[in-house]
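Subject: Structure handover

Hello,

Here is the structure for your files. My notes on it follow below.

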Amino acid sequence: MPVIHDKKTLHKMLLAYRSKSDAIGLVPTMGALHEGHLSLVKKSLSDNAVTVVSIFVNPTQFNNKSDLKHYPKDLKTDVKLLYQLNNNIIVFAPSITEAYEGNMVTKSFDFEGLDKVMEGAFRTNHFNGVATIVALLFEIVAPQKAYFGEKDFQQLQIIKKLVQLRQIPVQIVSCPIAREAHGLARSSRNERLSPATREKAGFIYKSLLTAKNKFGTENASLIAKEIEAMYAEHPLFKLEYFEIAEADSLIPISIKSDSIAYRAFIAVYADKVRLIDNIALN
Ligand code: AMP
């Protein structure tokens, strides 16, 4: 399984597939791979002749320098994990200079408000950084399909909007959230939790399940208050936000409608590690 660091070589390799009209799938990641990433890769492998897994910790999407500095990096282990999966994978791991051609500029997009709520409200310019790198990857790889996890549901909606705005000929495939046995959403950041905190962190998923159970009978603002109370009693986990919003538009819920799909979204600090999760409510 080749590990490619430059665009030129990647282009050449992919040309062989393109000339045979073989389908190319793309799974963009920041590495420190876990079962969540691998579920996306497996889906792509079943859909496509070849899968490009990009591994790139993208500086422009980090609003917090310490978060960027501490982001786990282990290309060797990542490649090993992918190798155990399948041979039809190309790992694309460019340097910052190669990815951005020496000009690391964050582009600005109009996501029609999708980027202003939740993660966007707490992480200034985060989604412009995400869209900048994903647009570049779409250009470099030109995949037929690209795979994104519902773990980052707001990001998924933003990527769909990016594709629509820029009329990029790629199908966005959304993949369900992979969880640890006690419910914690798998994340590269989980590695930074102490074993004791990690063991207790199923609490975050439990709080989402509580919201889901109440959603049929209680109004959203009452549910939000109850979730806040749950966290107030559990100081190991510091609630940053809990929101119930329309799944497609991400507009916060006002009057509940049976014809609209809603999700609950949450961001929590544990051991100074920021964790996010979400759940479908109806
Ligand atoms: P990241 O490396 O965190 O940028 O994630 C790369 C891709 O993997 C994104 O599309 C994420 O949404 C997806 N992903 C990360 N964790 C999970 C998970 N637990 N379940 C499903 N997809 C995930």
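Serine 54 is buried, with a relative accessible area of 1% (buried means under 20% relative accessible area, exposed over 50% and partly exposed in between, with a 1.4 Å probe and protein chains only). This is a predicted model, in which local features need pLDDT of at least 70 and side-chain atom pairs count only at pLDDT 80 or more, while totals for chains, interfaces and linings use all residues. Residues are numbered from 1 along each chain as its sequence is written, and side-chain values use heavy atoms, with hydrogens and water left out.

Serine 54 belongs to strand S3, residues 50-55 (helices, H or I with at least four residues, and strands, E with at least two, are DSSP runs numbered from the N terminus). Apart from neighbours within four places in sequence, serine 54 is in contact with Leu26, Val27, Pro28, Thr29, Phe92 and Leu137 (contact means heavy atoms within 4.5 Å).

The chain as a whole

The chain has 11 helices and nine strands. Its radius of gyration is 19 Å, which agrees with the value near 19 Å for a compact globule of 282 residues (taken over C-alpha atoms; the globule rule is 2.2 Å times the number of residues to the power 0.38). Along the principal axes, the C-alpha atoms fill a box of roughly 55 × 40 × 35 Å. Of the 282 residues, 51% count as buried. Among contacts between residues at least 6 apart in sequence, 70% join residues at least 24 apart.

The accessible surface comes to about 13700 Å², and carbon and sulfur atoms account for 52% of that (Shrake-Rupley method with a 1.4 Å probe; for residues, only the protein chains shown count as cover). There are 35 positive and 30 negative side chains, and the centres of the two sets lie 4 Å apart. Lys and Arg count as positive and Asp and Glu as negative, with His and the chain ends not counted; each charge is placed at NZ of Lys, CZ of Arg, CG of Asp or CD of Glu.

The buried residues of H1 are Lys7, Leu10 and Leu14. These pack against strands S1 (3-4), S2 (24-29), S3 and S4 (89-92), and against helices H5 (96-100) and H7 (126-141). Just after H1, serine 21 has a positive phi of about 55 degrees.

H7 has 16 residues and reaches 23 Å from its first C-alpha to its last, close to the expected 22 Å. Of its 16 residues, 15 are buried, so H7 is largely enclosed by the rest of the structure.

Arginine 123 sits in the loop between helix H6 (119-122) and H7. Arginine 123 counts as buried at 10% relative accessibility. Leaving aside neighbours within four places in sequence, its contacts are Gln61, Phe62, Asn63, Asp67, Arg189 and Arg274.

Glycine 149 is in strand S5, residues 145-149, and counts as buried at 18% relative accessibility. Beyond neighbours within four places in sequence, glycine 149 is in contact with Leu40, Leu156 and Cys175. Cysteine 175 is 26 residues from glycine 149 along the chain, and their C-alpha atoms are separated by 4.7 Å.

Regards

Definitions and conventions:
Expected span 1.5 Å × (residues − 1).
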